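Q: I am new to this structure and would like to learn how to read it step by step. Could you take me through its features, giving the general idea before each case?

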Amino acid sequence: MSIVVTGATGQLGRLVIDQLLTTVPADEIAAVVRDETKAAPLAARGIELRVADYDRPESLKDVFRAGDRVLLISGSEVGRRVPQHTAVIDAAKAAGVAQLAYTGVLGGPDADFTLADEHKITERLILDSGLPHTFLRNGWYTENYTDNLAPVLEHGAVVANAGDGRVASATRADYAAAAAAVLTGEGHIGAAYELSGDVAWSFAEYAAEVAKATGKEIVHKNVPASVHQEILVGAGLPEGFAAILVDVDAAIERGLLAGTSGDLARLIGRPTTPLAETVAAAVAGA
């Protein structure tokens, strides 16, 4: 039996493995990766590599073993996730894994924005499979914003169409710690955790934190959805992806990413990382 992390070379996957290694021997962890060369640092740490591709179901045939605890990190390619996730679920069922944990989206079946659609379908597929499962309904990563500070600093503005809506974000490391806790602990089968930061913040408050960390004047500019769409496309984003981001802001305005259930802090045994701390670190590293 191994703890198996899919998408292990991605930003979240790497952090999950880092967290697992604090309590689990390396030879009890397996990493599912597409590119063995890219995963060489994991192999160097003693982690077993299992090479497979979400887009090639046949490659997943021998990736899982009976009794494995598996983390299915959702695919990054919006629009292709359902067939990709289906392939993983089918392979996990055929192998007889002991647990399939899935990183979905805050709100689960109640999330009514476009980016949630594939997550909701995936949860239903997992339920229909009969696999022992745990749903990790991740809220927003603070890094979704702090990794993209350049335009904010260039224009002196945080632009959004979310009005006074609030975001209860946490860091990737926070979510990774929760995933590791679920994969190594007991009592999580059948659970659905609504994971989010302890404090929900507004974009005006985010702008104020960036201003404080940089010493520059940074304001929040709320714009209509159509204008935000034009700005994002003008910055080089594909129209479809820009529309998804605009739709997310609309969901934020409706309060769908503001929930503070406390599940994340309880799973990781500490408060979630404050917004100010993540902003300050991002500014220092810029």
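Q: Is Glu277 buried, exposed or partly exposed?
A: First, a word on the source: this is a predicted model, in which local features need pLDDT of at least 70 and side-chain atom pairs count only at pLDDT 80 or more, while totals for chains, interfaces and linings use all residues. Residues are numbered from 1 along each chain as its sequence is written, and side-chain values use heavy atoms, with hydrogens and water left out. As for exposure, buried means under 20% relative accessible area, exposed means over 50%, and partly exposed lies in between, using a 1.4 Å probe and protein chains only. Glu277 has a relative accessible area of 49%, so it is partly exposed.

Q: Where does Glu277 lie, and how far is it in space from Ala213?
A: Helices (H or I, at least four residues) and strands (E, at least two) are DSSP runs, numbered from the N terminus. Glu277 belongs to helix H12, residues 275-285.

Q: Which residues have the most contacts inside the largest nonpolar core?
A: In soluble globular proteins, nonpolar side chains tend to be buried together. A nonpolar core is here a set of buried Ala, Val, Leu, Ile, Met, Phe, Trp, Tyr and Cys residues joined through side-chain atoms within 4.5 Å. The largest such core has 36 residues, and those with the most contacts inside it are Val5, Val16, Ala31, Leu42, Leu71, Leu136 and Leu195. At least two core residues come from each of strand S1 (3-6), helix H1 (11-20), strand S2 (29-33), helix H7 (172-184), strand S9 (192-195) and helix H11 (263-268), and H7 gives the most, with 8 residues. A second, separate core of 30 residues includes Ala111, Tyr145, Val248 and Ala282.

Q: What does Leu71 touch?
A: Contact means heavy atoms within 4.5 Å. Not counting residues up to four places away in sequence, Leu71 touches Val4, Val5, Thr6, Val16, Ala101, Thr103, Leu136, Ala179 and Leu183.

Q: Which strands run parallel to S1?
A: Two strands pair if DSSP finds at least two bridges between them. S1 is joined to S2 by 4 bridges, and these strands run parallel; S1 is also joined to strand S4 (residues 69-72) by 3 bridges, again in parallel. Val4 stands opposite Ala30 in S2 and opposite Val70 in S4. Both faces of S1 are covered, with Ile3 and Val5 buried on one side and Val4 and Thr6 buried on the other.

Q: What handedness does the unit made by S1, H1 and S2 have?
A: A crossover is right-handed if, with the strands pointing away from the viewer, the path from the first strand over the helix to the second runs clockwise. S1, H1 and S2 form a β-α-β unit that is right-handed. The crossover from S5 through H4 to S6 is likewise a right-handed β-α-β one, and S5 and S6 run parallel, joined by 6 bridges.

Q: Which residues of H4 are buried, and why do they line one face of the helix?
A: The buried residues in H4 are Glu118, His119, Thr122, Glu123, Ile126 and Ser129. Seen down the helix axis, they fall within an arc of 140°, taken from the directions from the axis to the C-beta atoms, so they line one face of H4. They pack against helix H3 (81-95), strand S5 (99-105) and strand S6 (133-138).

Q: Is His119 buried or exposed, and what is it in contact with?
A: His119 lies in H4, residues 117-129, and is buried, with a relative accessible area of 7%. Leaving aside neighbours within four places in sequence, His119 is in contact with Ser74, Arg81, Tyr102, Thr103, Gly104 and Val105.
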